Each structure stands twice: as C-alpha cells, then as structure tokens.
Amino acid sequence: SCRDLRVLMSEPKPSPPALPSIDIGGNMLDGMFQGVYHGKKRHEPDLGQVLSRARLSGVMSVIITAGTLSEARNALALAETDVKK
C-alpha cells in the first residue's frame, strides 16, 4: 500500500562502514564554523559538531589549511585543541 511504501522510504537505511580517510584541505578557520556568513552571525559555533560528523563518516584526521603566517598560527592553535563536543 502507499502507506507502507511511505514508511519504508522514511526509515533510515543503514550506512556502509566508513573507510578511514584524511581530509587534506580542511578550511577549519572559516567563519562559517563560528556561525558567521557574509559578516552576519547566523548560528552558534559548530566546528565540534562538524568534526564529529566527519569522524562518523570515517575522517580520522584533518589537515588545516592557512593562507598567511597569521592563519598558520591560528591553525596550529586550533590543531592543539580538542574540539570533540
């Protein structure tokens, strides 16, 4: 019946096991992870949640990108923290 089909389609399907991987270009310093889009605050910081979802998908490490010496220092500081929240 249509109802049974809707129920089957709405049930989450089991995900295949995640393959371990490394994100080689993580732009973790972008303001969007602090909830800022186009200069306006849109939500609370969510970097920890983003990284948790990445871990569940098999991402074991992230190489944080930086374009300047100042950003490189910020990337190092971020890399030395534990953002598992």
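Analyst: This is a predicted model. A place to start is Ile63, which sits in strand 4, residues 59-64.

User: Why is Ile63 called partly exposed?

Analyst: Its relative accessible area is 46%. Buried would need a value under 20%, and exposed a value over 50%. The 46% of Ile63 falls in between, so Ile63 is partly exposed.

User: What makes Ile22, Ile24 and Ile63 a nonpolar patch?

Analyst: A patch takes residues with over 30% relative accessible area and no salt bridge, and nonpolar side chains are joined within 5 Å. Ile63, at 46%, is over the 30% cut-off. Together the three isoleucines have about 320 Å² of accessible area on the surface.

User: Which residues does Ile63 touch, leaving out those up to four places away in sequence?

Analyst: Ile63 touches Ile22, Asp23, Ile24, Gly25 and Gly26. Ile22 is 41 residues away from Ile63 along the chain, but their C-alpha atoms are separated by 7.6 Å.

User: What is Met28 in contact with, apart from neighbours within four places in sequence?

Analyst: Met28 is in contact with Phe33, Leu47, Leu51, Val62, Ile64 and Leu78.

User: How do you know that the buried residues of helix 2 are on the same side of it?

Analyst: The buried residues there are Leu47, Gly48 and Leu51. They cover an arc of only 95 degrees around the axis, which puts them on the same side of helix 2. Strand 4 and helix 3 (69-79) are included in what covers them.

User: Where is His38, and why is His38 called exposed?

Analyst: His38 is in the loop between strand 2 (36-37) and strand 3. Its relative accessibility is 84%. The cut-off for exposed is over 50%, so His38 counts as exposed.

User: Why is Glu44 called exposed?

Analyst: Glu44 has a relative accessible area of 59%. That is over 50%, so the label is exposed. Glu44 lies in the loop between strand 3 (40-41) and helix 2 (47-56). Leaving aside neighbours within four places in sequence, Glu44 is in contact with Gln34 and Gly35. The C-alpha atoms of Glu44 and Met32 are separated by 9.7 Å.

User: What makes up the whole protein, and how much of the protein is buried?

Analyst: The protein has three helices and four strands, in the order α-β-β-β-α-β-α along the sequence. Of its 85 residues, 14% count as buried. The protein exposes about 6900 Å², and carbon and sulfur atoms supply 60% of that area.

Methods. Residues numbered from 1 in each chain as written. Predicted model: local features only at pLDDT ≥ 70, side-chain atom pairs only at ≥ 80, totals over all residues. Heavy atoms only, no water. Patch = residues over 30% accessible without salt bridge, like charges linked within 9 Å, V, L, I, M, F, W, Y side chains within 5 Å. Areas by Shrake-Rupley, 256 points an atom, 1.4 Å probe, with all protein chains shown as cover. Salt bridge = Lys/Arg side-chain N within 4 Å of Asp/Glu carboxyl O. Helix = DSSP H or I, 4+ residues; strand = E, 2+ residues; numbered from the N terminus. Buried < 20%, exposed > 50% of the residue type's maximum accessible area, 1.4 Å probe, protein only. Contact = heavy atoms within 4.5 Å. Arc of directions from axis to C-beta.
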